[in-house]
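Please take a look at the display, then read on.

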Amino acid sequence: MKYSWNVAQEVLSVAPPLQGAFREALQDFVFNGFTIPKGWKLYWSANSTHKSAAYFPEPQKFDPTRFEGNGPAPYTFVPFGGGPRMCPRKEYARLEILVFMHNLVKRFKWEAIIPDEKIVVDPLPMPAKGLPIRLFPHKKA
Ligand code: HEM
């Protein structure tokens, strides 16, 4: 299921379910020439990190192959965060996503009922109308 997970990761990259989270600076530090004083509240953004062309060439292009080989550099692909507060259920989420994808793809073809349905972000990205689809079971041989 390596390719399926590459596809899922690309979805998590283009539309991270959690846009980012807050941190507090434990000490003064300099980032990109800006001095961040101890105690400041910071927001790290998965969404804008994944849009960095330096790490994700053509970031708007849907390209699961970018996860082949070693994949993106550490701390650039962060849908589950990074470091000590990283999502503790990342592997469970991976299993659930892959089981869902496997069953959907193996058992059905489908078509979207609303073509080009908009994605709204409030605060999680969601299809505006709930992504209604029509399922067609594969014919049994
Ligand atoms: C696609 C699915 C998921 C995504 C994208 C996701 C994403 C994240 C992210 C980005 C964080 C870090 C927030 C931060 O740095 O402050 C986080 C933390 C957390 N996640 Fe997930 N998560 C997912 C699924 C789950 C599931 C299925 C569970 C539980 C069954 C879970 C439980 C938690 C908990 C308890 C934390 C807090 C960890 C801490 O603060 O130490 N997550 N998640």
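Around the ligand there are 14 residues, counted when one of their heavy atoms lies within 4 Å of it; Arg23, Pro79, Arg85, Cys87 and Arg89 are the closest. This is a predicted model, in which local features need pLDDT of at least 70 and side-chain atom pairs pLDDT 80 or more, while totals for chains, interfaces and linings use all residues. Numbering starts from 1 along each chain as its sequence is written, and side-chain values use heavy atoms, leaving out hydrogens and water.

**The ligand site**
- Cys87 (SG) is the only protein donor of the ligand's iron atom, at 2.3 Å; donors are N, O and S atoms within 2.8 Å of the metal (3.2 Å for Na, K and Ca), and sites may look incomplete because water is not among the atoms.
- Cys87 sits in the loop between helix 2 (46-49) and helix 3 (90-107).
- The side chain of Arg23 places an N or O atom 2.6 Å from an oxygen atom of the ligand, and for the side chain of Arg85 the distance to a ligand oxygen atom is 2.7 Å.
- Strand 1 (20-24) and helix 3 each give at least two residues to the shell.

**The fold**
- The protein contains 3 helices and 8 strands, taken as DSSP runs (H or I, at least four residues, for helices; E, at least two, for strands) numbered from the N terminus.
- Their order along the sequence is α-β-β-β-β-α-α-β-β-β-β.

**Overall dimensions**
- The C-alpha trace spans about 65 × 35 × 30 Å along its principal axes.
- Of the 141 residues, 22% count as buried, meaning under 20% relative accessible area (1.4 Å probe, protein chains only).

Technical notes
Polar contact = N/O pair within 3.5 Å; in protein donor to acceptor, adjacent residues only side chain to side chain. Buried < 20%, exposed > 50% of the residue type's maximum accessible area, 1.4 Å probe, protein only.
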